[in-house]
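Please find below a colleague's note on the model under review. The points are numbered so that each may be taken up separately.

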Amino acid sequence: MRTFHDPSLTHSVKYIASRLLASIATLGSGAPLGPEALALFIGSVTGSSAQRKLPTRWGSPDPRVLMVAGAAAGIAAVFKTPATGAIFALEVPYANDFGRHLLLPRLIGAATGYLASAAINRTEALFPISGQPPFNFADLGGALMLGLVAGAFARGFVFTYRKVKHFSHSRHVLTRVALAGTAIGGSVLLGQWLTHKPLILGPGLEAIKWSLATNIPVWLLLCVLLLRCLATSAALAGGGVGGVFLPLVVSGALLGKAFTAALHLPNPTLFVVVGVAAVLGAGYSVPLAAVVFVAEATGRPGFIVPGLLATVAADLVMGRTSISDFRLPRS
């Protein structure tokens, strides 16, 4: 984000290597953060480095062309969602605007990243949902209500995120690592005791699959949600390097299922997916990318309409707040 708004900035080889190692160590330890930050970093650094080495006659007047293409490729490759990769890279750099002038390289980067990932990991949806998602006007009203709840949750998540990032920069490394390790370890043990599953560890795909099961009490869903948020916050406070895109996705799924169970709604799968769109869209302030993400990640475009309603409601509650500290108004 910094180099997007100031292309003159460059990263040293030492910084790149240390960040890659820190990300591998963080994710390998089981911290509940996402791999998308590493993919975005690799994609954007590779793209910007390649563009600087191109002959002048082959280059673009905009030095960010390959940077944004690489960033879009990273998201598309991790989640196997090419449209999401392009749209996320379009929405996230600017506050209340789109980076339309670099749309073509984003589309090309997302497509190539997806093809590279699909060649290795095949083309199955990230969250395969069976059957069609029927919904009625009551479900659409429920989606709006869930959007309001998700917006309030996202505001709390972003507030906590900024506090723990400040903590990580203001404490000695041994202090913050010790406190973070204790908090993560306690969260993992409590989660294991409550659910008999390691749902607090890792990016959280297992927690989403668990949330889709039937007859899970509301209190247990909320406990897992809070424990994962605590562990994610602790990992960031300790200086861990990882993404919060996927933690927002997991939080949205758990919140959507808890909302369904609390109101005894008959369509739990719908609200799990709608919760993902609302929390993700509000947290990053990328409503369009969030809605496209749930359509691509589930393989069910029928979720788009209720997802749009919930995401708009959540975005209104969120206001101008975003998890990214480096978004700037379009000049």
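The points that follow go from the chain as a whole to individual residues.

1. The structure is a predicted model. Its protein chain has a mean pLDDT of 82, with 87% of the residues reaching 70 or more. Among the elements, helix α10 (residues 218-237) has the highest mean pLDDT, 94, whereas strand β2 (residues 328-329) has the lowest, 57. Where pLDDT is low, the predicted coordinates should not be read in detail.

2. Secondary structure and contacts. The protein chain contains 14 helices and two strands. Of its contacts with a separation of 6 or more, 78% are between residues 24 or more positions apart.

3. Burial and surface. The chain has 331 residues, and 50% of them are buried. Its accessible surface amounts to about 15500 Å², and carbon and sulfur atoms contribute 68% of this area.

4. Nonpolar patch. Which residues make the nonpolar surface patch of about 300 Å²? The patch is formed by L104, L107 and I108. L104 is placed in helix α6, which spans residues 103-121. This leucine has a relative accessible area of 56% and is therefore classed as exposed, since the class requires a value over 50%.

5. A buried arginine. R176 belongs to helix α8 (residues 173-195). Is this arginine buried or exposed? R176 counts as buried because its relative accessibility is 18%, and the cut-off for burial is under 20%. Leaving aside residues up to four places away in sequence, R176 touches F167, S168, R171, A237, G238 and G239.

6. Salt bridge. How many salt bridges does a search of the whole structure find? The search returns one. The salt bridge joins K209 to E206, and the closest N and O atoms are 3.8 Å apart. In general, side chains of opposite charge can pair when their charged atoms come close.

7. Setting of the pair. Both K209 and E206 lie in helix α9 (residues 205-211), where they are three residues apart, about one turn of the helix. K209 has a relative accessible area of 55%, so this lysine is classed as exposed.

Note on methods:
Residues are numbered from 1 along each chain as its sequence is written. This is a predicted model: local features need pLDDT of at least 70, side-chain atom pairs count only at pLDDT 80 or more; totals for chains, interfaces and linings use all residues. Side-chain values use heavy atoms; hydrogens and water are left out. Patches are made of residues with over 30% relative accessible area and no salt bridge: like charges are joined within 9 Å, nonpolar side chains (Val, Leu, Ile, Met, Phe, Trp, Tyr) within 5 Å. Accessible areas come from the Shrake-Rupley method with a 1.4 Å probe; for residues, only the protein chains shown count as cover. A salt bridge is a side-chain nitrogen of Lys or Arg within 4 Å of a carboxyl oxygen of Asp or Glu. Helices (H or I, at least four residues) and strands (E, at least two) are DSSP runs, numbered from the N terminus. Buried means under 20% relative accessible area, exposed over 50%, partly exposed in between (1.4 Å probe, protein chains only). Contact means heavy atoms within 4.5 Å. pLDDT is the predictor's confidence in each residue, from 0 to 100.
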